[in-house]
Amino acid sequence: MSEQPKLASLDDSIADRLPSHVKELFDAKRYANLTFADLAERLGRDEVAVAAIFYGQASASPEDVRILAETLNLAPGRLRDQIGSVFPDRGRAGPMPPVEPLIYRLYEIVQNYGYAYKAVINEKFGDGIMSAIAFSTKVEKEVDNDGVAWVNIKLRGKWLPFTRF
């Protein structure tokens, strides 16, 4: 018998900061017993992108809405109104600095190494920034020879050089 997957749940401490439909999406996902990887496979998208749709922080295409409604047994018209016809609201889900430990560690990485990343990136690319709009990311699990699990996060952003004006 296969092991029941553990599913991400909505953190009640941030629920009131998110769009009202987020709880309904998470409840439907839990009821369907699907992971974000399962949904990503059905949508043909990355699992981080699918999770961002659930949190109201990424746009859902009409096809995304159709597949999610069918997969999660949700009313297509209602879901379209909730996630398919509104602009995402990014960056306001949690407090700053973050208090959730995993999110705080990501924040801490930028606190500790942000200027080092900036220096190395500027030396390689020049004066500019990495886009978080023309952007993709991937999370992978690596297990080393000793059986220790490691998190690999790939960030891929278009280079945007500053222009002279």
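This is a tour of one predicted model, stop by stop, with what to select at each.

Residues are numbered from 1 along each chain as its sequence is written. Because the model is predicted, local features need pLDDT of at least 70 and side-chain atom pairs count only at pLDDT 80 or more, while totals for chains, interfaces and linings use all residues; side-chain values use heavy atoms, with hydrogens and water left out.

**Whole chain**

Helices (H or I, at least four residues) and strands (E, at least two) are DSSP runs, numbered from the N terminus. The C-alpha trace spans about 50 × 50 × 30 Å along its principal axes.

**α3 against α4**

Select residues 36-43 (helix α3) and residues 47-54 (helix α4). Their axes come within 8 Å and cross at roughly 100°. Axes are lines fitted to C-alpha atoms, for helices over the stretch in contact, and angles run from 0 to 180 degrees between N-to-C directions. α3 and α4 are therefore roughly perpendicular to each other. The cut-offs are: under 35 degrees, roughly parallel; over 145, roughly antiparallel; 65 to 115, roughly perpendicular; the rest, oblique.

Now show side chains. Phe36, Ala37, Leu39, Ala40 and Leu43 of α3 meet Glu47, Val50, Ala51 and Phe54 of α4, where contact means heavy atoms within 4.5 Å. By class this contact has eight nonpolar, no polar and one charged residues. Ala, Val, Leu, Ile, Met, Phe, Trp, Tyr, Cys and Pro count as nonpolar, Asp, Glu, Lys and Arg as charged, and the others, Gly among them, as polar.

**α3 against α5**

The axes of α3 and α5 are 10 Å apart, at an angle of about 130°, which makes α3 oblique to α5. Their crossing is right-handed: a crossing is left-handed if the near helix is turned anticlockwise from the far one by less than a right angle, and right-handed if clockwise. On the α3 side, pick Leu39, Arg42 and Leu43; on the α5 side, Asp64, Ile67, Leu68, Thr71 and Leu72. Five of these contact residues are nonpolar, one is polar and two are charged.

**α5 against α6**

Val65, Leu68 and Ala69 of α5 touch Pro76, Leu79, Arg80, Ile83 and Gly84 of α6. The contact divides into six nonpolar, one polar and one charged.

**Second largest pocket**

Switch to a surface view and centre on Leu10, Asp12, Lys23, Phe26 and Asp27, the closest to the pocket centre of its 15 lining residues. The second largest pocket holds about 220 Å³ of space. On a 1 Å grid over the protein atoms alone, a pocket is an open set of points with protein on both sides within 12 Å along at least five of seven lines, whereas a cavity is a set where a 1.4 Å probe fits but cannot get out; lining residues have an atom within 4 Å of a point. Grid points are joined across faces, edges and corners, and a volume is the space filled by probe spheres set on the points.

Helices α1 (12-15) and α2 (22-32) each give two or more residues to the lining; α2 gives the most, with six. The lining has eight nonpolar, two polar and five charged residues.

**The cavity**

Select Arg17, Leu18, Pro19, Tyr55, Gln57, Asp89, Arg92 and Ala93, which line the largest cavity. Its volume is about 40 Å³, and the structure holds one cavity of 30 Å³ or more. Four lining residues are nonpolar, one is polar and three are charged.

**Two backbone details**

Most residues other than glycine have a negative phi, and most peptide bonds are trans. Go to Asn33, in the loop between α2 and α3: its phi is near 60°, a positive value in a residue other than glycine. Finish at Met96 and Pro97, joined by a cis peptide bond with omega about -5°. Pro97 lies in the loop between α6 and α7 (101-125).
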